[in-house]
Amino acid sequence: MGKRGTAITAICLLICMGGMAHPARAQAQNESTALLVQQYQAYQDAFESIQSLEDAQEAGYDIIEEQRFPVVLETFGQDEVELVPLMHREYNRLAILIADSAGNVLFKTNQLETNYKYPGQLEQPTKSLESVSFQELDHDGLTDIVLITTCENDTGDYAGKSYRVGDVLFQRDGDFYRDWRISDKINRFSMNKSADFIASYVGEGHSTEILYTATTLKELTDHGFQVVQEHSYRIDFEKQGRLLVAPGFISMADYDVFMIYLVNGQGDIVWSFQPMEDYDNLYALKGMVCLDVDGDGMKDVVVLARYSYAGPDAELLIDTKCDIYYQRTDGFEAEKNFDDIYQCGSEDTMEELVEIIREYWGWPKEE
């Protein structure tokens, strides 16, 4: 958000507060808004003051040393320049500098997707810059910059859970720019798993968007969705009717992105599940059953799968995960607490897990 965006936000807040009945409360809100605008202006002025790498610390930033790289960027000639990322010490906001060999700043920006995860708030949840990649993505012959940050919210439903935010800075004559529409899709449709994943979308036009927007199974398969046939079958759900259970994946940049759909007799998608969540890749689907596990007489959906992801040193790590979706009158409800009670391992089987889940719900243990 630029200076104009901040001013508009402040004006909107003031308009809303104008309707408040209590003068003291309105005054307190006005003062709080004025302070926020003042703080943002001070932050932006400090950023604008950075003319060399030596200015970063005084402006409130620390250089992210492990992610600074020499690179040839055509718009600055044939000599190497340096990409230098900065993190604001107080507000956890990322900035990117391009500096010459003497440390003079040739380009800088703090207009990055990761800086807007808490709208209208200076402090952001960015924890680290996970990766930087230099690739030519928009077919203009100029090297672009791919960024992936790691964020972690302090509050809300996903508090304490890390997630990635991807972004692309496109090079043009003497400058870089970002397309917020591209950044939005990268992150809204979980295409931020790696630089190669982002490049597959931006540079080659592949996308997982259809996984979230399709209304029929045919739309999915027409766009490359592969149904896992050995776990696909029709079943009668007490409140939902007879449906086809269709687990499957779209392959993109060496990743398999996994989803499960329930499809009616006309081929329309009536429900979907995303057990993969923020993992990088479906490593193996070990099993899936549709039966009553919570004792209410209605079939639920239980999924056991293994997912892979990159560790802190880019090593391949694999987790085994069980997801439970309880059938309700108006759809399905995901189990949120089972992981706190039982941690799945690579040797777990579906039969064993069903017994554990039923015991969790108070079913008598079978002899």
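In this predicted model, the buried residues of helix H4 pack against both strands and a helix: strand S6 (126-135), strand S7 (144-152), strand S8 (162-172), helix H3 (180-188), strand S12 (241-252) and strand S13 (255-263). Helix H4 itself spans residues 195-202 and is mostly covered, with seven of its eight residues buried. These buried residues are Ala-195, Phe-197, Ile-198, Ala-199, Ser-200, Tyr-201 and Val-202. In an α-helix, residues three or four places apart point the same way, because there are 3.6 residues to each turn. At the start of H4, the backbone nitrogen of Asp-196 lies within 3.4 Å of a side-chain oxygen of Ser-194.

A separate description concerns a sheet. Four strands form an open sheet in the order S15-S16-S17-S18, and their pairing is antiparallel. Strand S15 (281-291) and strand S18 (331-334) are the edge strands, each of which pairs on one side only. From one strand to the next, the twist averages 25°. Strands of a sheet pair through backbone hydrogen bonds, in either a parallel or an antiparallel arrangement. For S15 and strand S16 (residues 300-310), the antiparallel pairing extends over nine bridges. Within this pair, Leu-291 stands opposite Asp-300 of S16.

Helix H8 (residues 350-360) packs on this sheet, where it touches S15, S16 and strand S17 (316-328). The direction of H8 makes an angle of about 60° with that of S15.

Definitions and conventions:
Residues are numbered from 1 along each chain as its sequence is written. This is a predicted model: local features need pLDDT of at least 70, side-chain atom pairs count only at pLDDT 80 or more; totals for chains, interfaces and linings use all residues. Side-chain values use heavy atoms; hydrogens and water are left out. Buried means under 20% relative accessible area, exposed over 50%, partly exposed in between (1.4 Å probe, protein chains only). Helices (H or I, at least four residues) and strands (E, at least two) are DSSP runs, numbered from the N terminus. Contact means heavy atoms within 4.5 Å. A polar contact is a pair of N or O atoms within 3.5 Å; within protein, one must be able to donate a hydrogen and the other to accept it, and residues adjacent in sequence count only if both atoms are side-chain atoms. Two strands pair if DSSP finds at least two bridges between them. Axes are lines fitted to C-alpha atoms, for helices over the stretch in contact, and angles run from 0 to 180 degrees between N-to-C directions.
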